[in-house]
Amino acid sequence: MSEVRVESAAPTLRDLLETAGPGLSVPEGGPQDLDRAISWVHTTEMRDPSRYLLGGELVCTVGISLQTGNDCAVFVDALTRAGAAGVCFGVGDGHDAVPSALMALCRTQGLPVLVAPPSVPFSQISRFVADFRLGSEIAVARATNALAPELLASLRRHDSPRQLLDSAGQVLGCYFLLEPLAGACGASSAPSLSGGADDDAVTVPVPGLGTLVWVGRGDRPEPALLDLIARFVRAAQGERDIEAALARERVGQLLSLVERRMLLPDALGQLLQWPGFGGEIACSAWPAGAGALLSMAFPDALIGDAPDLCLMLTVGALEATEDLALPSGHSAPVPLTDIGSAIAQARIALTLAEQRGGRVGPDQLSTLESLLEQLPLGQLAPFKQLLIDPLAEMDNQRGTQHVRTLRAFLSCNGSLSDTAKELFLHTNTVRHRLSRIQEITGRDPLQHNDLTAFVIGLWAAERGE
């Protein structure tokens with residue numbers, strides 16, 4: 001497959017001003033170097049954040065710690081030493097305008113300054129830089145999320161490669177050709193490219209079949225997306241092998257019987273010819289229809305097609321799966337006698353992977369979050385109704401910040417001092433707010449069991465939004 005990778009360039013301060021949306025501005029005065037590249041965005045209210053900077057960051061601040069000329073001098077010196085790209089100063093919170101001392105020092109040090117009004121949150125700036133740097137990866141992920149379900153459905157229908165390519169073209173708004181290998185006859189019914197069409201074409205080889213050719217208008221697809229389609233084309237061709245498809249279906253039926261405890265695991269070794277039954281076996285679960293694709297990617301695995309998913313057994317844990325661009329759930333390696341529980345574990349992990357995207361392994365099944373994701377929202381409703389809703393109602397009526405304080409307390413792992421720093425409050429103020437939370441809800445955030453209940457309540461509230 002194609003190994004071409006296109007690295008996204010870093011955005012500049014000028015890019016941010018011109019394309020990140022209205023709102024950011026440049027203070028009046030002398031010219032600034034707006035062509036500096038931004039490596040990342042760092043938000044801070046520290047006077048000296050240099051130990052957290054690697055160079056090239058756009059440092060965002062509302063200037064809470066910049067109250068005197070000396071404060072500004074320490075801040076600018078730290079950013080200059082760290083090689084920051086510039087400062088984005090948010091007005092309207094700590095200051096109504098950029099402090100004149102800060103502005104003068106930045107001009108002396110050649111440190112560009114941007115101004116963000118209250119209507120432009122720093123998160124919007126961070127998102128712009130992330131999208132700019134990871135633009136190709138994000139485009140591939142979005143296209144894959146739209147394309148993969150249709151391609152899997154095409155495999156389940158046992159479509160031909162030509163039909164699969166037509167389905168992909170409908171999703172992406174383009175057309176795909178499959179040029180046959182030189183000297184091959186009948187490998188593809190698609191017409192060959194004329195000489196003039198080559199200028200607008202993007203190709204990727206499909207081993208054993210020929211060359212996949214993209215023809216369309218607009219932005220050309222990333223090589224990773226073409227590689228994904230090429231793998232499905234090979235799988236579609238392999239799916240024409242009825243014998244292999246029936247064999248996978250039989251394996252899927254037997255594994256389903258083991259999962260439902262209608263067949264003893266030891267019987268698998270007698271009914272199926274697979275050398276891996278002698279050691280520890282890991283099970284992975286994949287979306288239905290992925291069997292042919294997995295057979296090509298993992299020729300030594302035992303693959304079974306069930307009606308609602310695809311199961312795969314491997315000797316030991318399976319490592320590399322990301323290049324398939326499909327959600328997958330994985331169990332821990334187990335002896336053959338425990339394969340039924342491994343299948344159930346992989347099935348649960350696949351459900352989580354389909355919600356989150358990507359790969360979910362056994363280590364991610366032992367977290368509180370994974371447990372909550374498996375429970376219906378109605379079962380968690382009492383935690384939200386009794387613990388979070390009263391706090392949110394009080395905050396809305398009186399302008400208090402009980403919910404925000406509770407979230408910060410949880411994110412700081414129950415540390416009063418860290419929560420105080422996060423919220424720019426005194427420790428006693430945080431302690432007082434937690435006491436008020438106990439008075440309102442009857443549950444004490446400083447007690448471990450009650451704190452866990454608040455975690456569940458906040459999770460349910462976020463999930464129900």
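Visitor: Which helix gives the largest share of the lining of the second largest pocket?
Guide: This is a predicted model in which local features need pLDDT of at least 70, side-chain atom pairs count only at pLDDT 80 or more, and totals for chains, interfaces and linings use all residues. Residues are numbered from 1 along each chain as its sequence is written, and side-chain values use heavy atoms, leaving out hydrogens and water. At least two lining residues each come from α5 (135-156), α8 (242-259) and α10, helices being DSSP runs of H or I of at least four residues and strands runs of E of at least two, numbered from the N terminus. The largest share, nine residues, comes from α8.

Visitor: How much space lies in the second largest pocket?
Guide: On a 1 Å grid over the protein atoms alone, a pocket is an open set of points where a 1.4 Å probe fits, with protein on both sides within 12 Å along at least five of seven lines, and lining residues have an atom within 4 Å of a point. Its volume, the space filled by probe spheres set on points joined across faces, edges and corners, is about 360 Å³.

Visitor: Which residues are closest to the centre of the second largest pocket?
Guide: The lining draws on both domain 2 (135-181 + 201-263) and domain 3 (264-374), so the pocket lies between them; these bounds come from an automatic or database domain assignment. Of its 22 lining residues, the closest to the centre are Ala245, Glu249, Asp305, Ala306 and Pro307.

Visitor: Which two residues form the edge-to-face aromatic pair?
Guide: The whole structure holds two aromatic pairs, counted when ring centres of Phe, Tyr or Trp (its six-membered ring) lie within 6.5 Å, with planes under 30 degrees apart stacked, over 60 edge-to-face and the rest tilted. With centres 5.2 Å apart and planes at 85°, the edge-to-face pair is Trp274 and Phe277.

Visitor: What is the relative accessibility of Trp286, a member of the tilted pair?
Guide: Trp286 and Phe298 sit 6.5 Å centre to centre, with 45° between their planes. The pair links distant parts of the chain, with Trp286 in strand β8 (281-287) and Phe298 in the loop between α10 (291-297) and β9 (302-305), 12 residues apart. Phe298 counts as buried at 14%, where buried means under 20% relative accessible area, exposed over 50% and partly exposed in between (1.4 Å probe, protein chains only). Trp286 also counts as buried, at 0%.
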